[in-house]
Amino acid sequence: MAGRLAARLDVSALADVLEFLDDNGALKARHMIFGGGAVRVDRSGGESVVATVGPAVFTALPVDTTRRAEIEEAEWIEPDWRVRLRETRTRAVSRVNLGAARKVVCPGRGVAKQEDLAMIDELAQVMGAEVACTRPLAEGLDWLPRERYIGISGAHIKPDLYLGVGVSGQVQHMVGMSSSRVVVAINKDENAPIFSQSDYGIVGDLYEVVPALIQALKERK
Ligand SMILES: Cc1cc2nc3c(=O)[nH]c(=O)nc-3n(C[C@H](O)[C@H](O)[C@H](O)COP(=O)(O)OP(=O)(O)OC[C@H]3O[C@@H](n4cnc5c(N)ncnc54)[C@H](O)[C@@H]3O)c2cc1C
């Protein structure tokens with residue numbers, strides 16, 4: 001949609017912007033390419049640009065009530081729809097706000113069964129953390145709502161603590177949590193890519209490590 005809008009307006013389109021930069025009055029942006037596999041800096045061709053930004057990439061400024069926007073009334077133009085509405089379905093509303101969470105526990109495909117998420121919930125509860133997930137758990141397995149998955153096509157988070165449990169650390173996931181202050185990973189494969197981006201790593205079976213962590217945290221309370 002951004003590309004079509006940019007073409008209509010005859011301006012540049014930039015997808016997945018991470019940062020806007022001022023280049024002597026011209027607009028430059030650092031943005032993800034190749035599905036998050038690389039980051040490139042592009043300069044817009046003109047003064048305007050249509051940009052897409054993932055959730056929680058930018059921190060909202062505090063509300064400034066002294067600022068007033070100029071309101072321009074535009075006439076409603078009935079679109080010549082080529083799309084026919086067949087059905088309307090209500091989407092289940094998820095109350096999660098991962099962008100605001102200070103601690104996040106993120107289970108991945110290392111969790112073998114949906115019932116085992118109860119153990120992850122308990123860990124999150126003793127830690128005072130929100131539960132997120134990798135995409136396969138939300139899209140495909142449908143164990144958790146889509147609002148909970150982190151990554152290039154999911155939520156971008158900046159918590160103080162990210163704990164990945166059975167997460168391999170593929171780039172499409174890592175771009176969504178790389179701004180976390182402290183990253184901890186539990187994985188039974190010592191060569192899992194997530195360890196190269198973790199501050200602390202536990203090489204072990206999550207089915208042994210997670211219950212032990214829950215017990216240790218409960219004893220400390
Ligand atoms: C265009 C595109 C966009 C995508 N966008 C996203 C996105 O936004 N977010 C996202 O998350 N993914 C995204 N993906 C998918 C991504 O590439 C990975 O497939 C996904 O992140 C892998 O999820 P995972 O780490 O849970 O699973 P896996 O890669 O299968 O990893 C499971 C890990 O669990 C470990 N493990 C297994 N059993 C245990 C155990 N008992 N104890 C401890 N460790 C164990 C394994 O060693 C393994 O490392 C995207 C892919 C594409 C192509």
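Reader: At what angle do the axes of helix H2 and helix H5 cross?

Author: In this predicted model, the axes of H2 (residues 117–127) and H5 (residues 206–220) cross at roughly 30 degrees and come within 10 Å.

Reader: What makes H2 roughly parallel to H5?

Author: Angles under 35 degrees count as roughly parallel. The crossing is at roughly 30 degrees, so H2 is roughly parallel to H5. The crossing of H2 past H5 is left-handed.

Reader: Which residues of H2 and H5 meet?

Author: Contact means heavy atoms within 4.5 Å. On the H2 side, Met-119, Glu-122, Leu-123, Val-126 and Met-127 take part. Among their partners in H5 are Leu-206, Tyr-207, Val-210 and Lys-218. By class, this contact has 11 nonpolar, no polar and two charged residues.

Reader: What distance is found for Gln-172?

Author: A polar side-chain atom of Gln-172 lies 2.9 Å from an oxygen atom of the ligand.

Terms used:
Residues numbered from 1 in each chain as written. Predicted model: local features only at pLDDT ≥ 70, side-chain atom pairs only at ≥ 80, totals over all residues. Heavy atoms only, no water. Axes fitted to C-alpha atoms, helices over the stretch in contact; angles between N-to-C directions. Helix = DSSP H or I, 4+ residues; strand = E, 2+ residues; numbered from the N terminus. Parallel < 35°, antiparallel > 145°, perpendicular 65-115°, else oblique. Left-handed = near helix turned anticlockwise from the far one by under 90°. Nonpolar A, V, L, I, M, F, W, Y, C, P; charged D, E, K, R; others polar. Polar contact = N/O pair within 3.5 Å; in protein donor to acceptor, adjacent residues only side chain to side chain.
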